[in-house]
Amino acid sequence: MKFGKSICVLNVGGTRYAFTREVIRDFPLRRVSRLHACASEKEVLELCDDYDRDRNEFFFDRHAQAFVFIMLYVRSGKLRFVPGVCELSFYTEMLYWGLESAHLDSCCQRRLDDRMSEIGLDGLSEEGARLPGDQPEKAAERAERAPPSGRARWLEQARRAFEEPNSSLAAQLLASVSVMFVIVSMVMLCASTLPDWDTA
């Protein structure tokens, strides 16, 4: 960064965070770390919503509570959803800051996948959140994120049928049959301990 003071202030939805230039340069969020390489205010304004040269303050008109959880990820390395905030809204915030779904903890990753499949999205476009000047992804990376094949889709449906009984009618039938087998097994076990069982 060729301008401003040595302390940079990020103002996200009204909440302010102060960092040194060196911290900004090595920041794990792409959008923030790219501020360090900006040579003019025009380049800065491509990454943030407004810039105050006097206070060296970068304004981002984004969800402040979601950014608190993203900052917790920066500090602790664990990224989880904000309670009470829609998973898709939080995911949009993640994409804005340069994070991907792979950064989420596995439990939150499953929640996001389930939410996306509920509303018919196979995945929000992480390409659409690419920052100006980012390199387009390679074909190998694109192939890794391609929609699942028929076998993978079938395995996912089978997993949901066994783990989530309310996910479909087939899952409910499977759960009912499983419960019936357990009940019949319990009755047979109890009946086998009766003294008259041997003579019958």
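Is Tyr51 buried or exposed, and at what relative accessibility? At 7%, Tyr51 counts as buried. The close-ups below come from a predicted model.

**View 1. Tyr51 and Phe58 form a tilted aromatic pair.** Across the whole structure, a search finds 6 aromatic pairs. In the pair of Tyr51 and Phe58, the ring centres are 4.9 Å apart. Their planes stand at 35°. Tyr51 is buried at 7% relative accessibility. Phe58 is also buried, its relative accessible area being 1%.

**View 2. Phe67 pairs with Trp97 in a tilted arrangement.** Centre to centre, the rings are 4.6 Å apart, with 45° between the planes. Phe67 belongs to helix α4 and Trp97 to helix α5, so this pair ties together parts 30 residues apart in sequence. Phe67 is buried, with a relative accessible area of 1%. Trp97 is buried, with a value of 0%.

**View 3. Helices α4 and α5 cross at roughly 60°.** Helix α4 spans residues 64–76 and helix α5 residues 87–97. Their axes come within 10 Å. The crossing is right-handed. From α4, Ala66, Phe67, Phe69 and Ile70 take part in the contact. They meet Phe90, Glu93, Met94 and Trp97 of α5. The contact residues divide into 7 nonpolar, no polar and 1 charged.

**View 4. An aromatic cluster includes Tyr96, whose ring has charged ends over it.** Tyr17, Phe60, Phe67, Tyr96 and Trp97 form one cluster. The charged end of Arg31 sits over the ring of Tyr96, 3.8 Å from the ring centre. Arg62 also places its charged end over the Tyr96 ring, 3.9 Å from the centre.

Methods
Residues numbered from 1 in each chain as written. Predicted model: local features only at pLDDT ≥ 70, side-chain atom pairs only at ≥ 80, totals over all residues. Heavy atoms only, no water. Axes fitted to C-alpha atoms, helices over the stretch in contact; angles between N-to-C directions. Helix = DSSP H or I, 4+ residues; strand = E, 2+ residues; numbered from the N terminus. Left-handed = near helix turned anticlockwise from the far one by under 90°. Contact = heavy atoms within 4.5 Å. Nonpolar A, V, L, I, M, F, W, Y, C, P; charged D, E, K, R; others polar. Phe/Tyr/Trp six-rings, centres within 6.5 Å; stacked < 30°, edge-to-face > 60°. Buried < 20%, exposed > 50% of the residue type's maximum accessible area, 1.4 Å probe, protein only. Lys NZ or Arg CZ within 6 Å of the ring centre and 35° of its normal.
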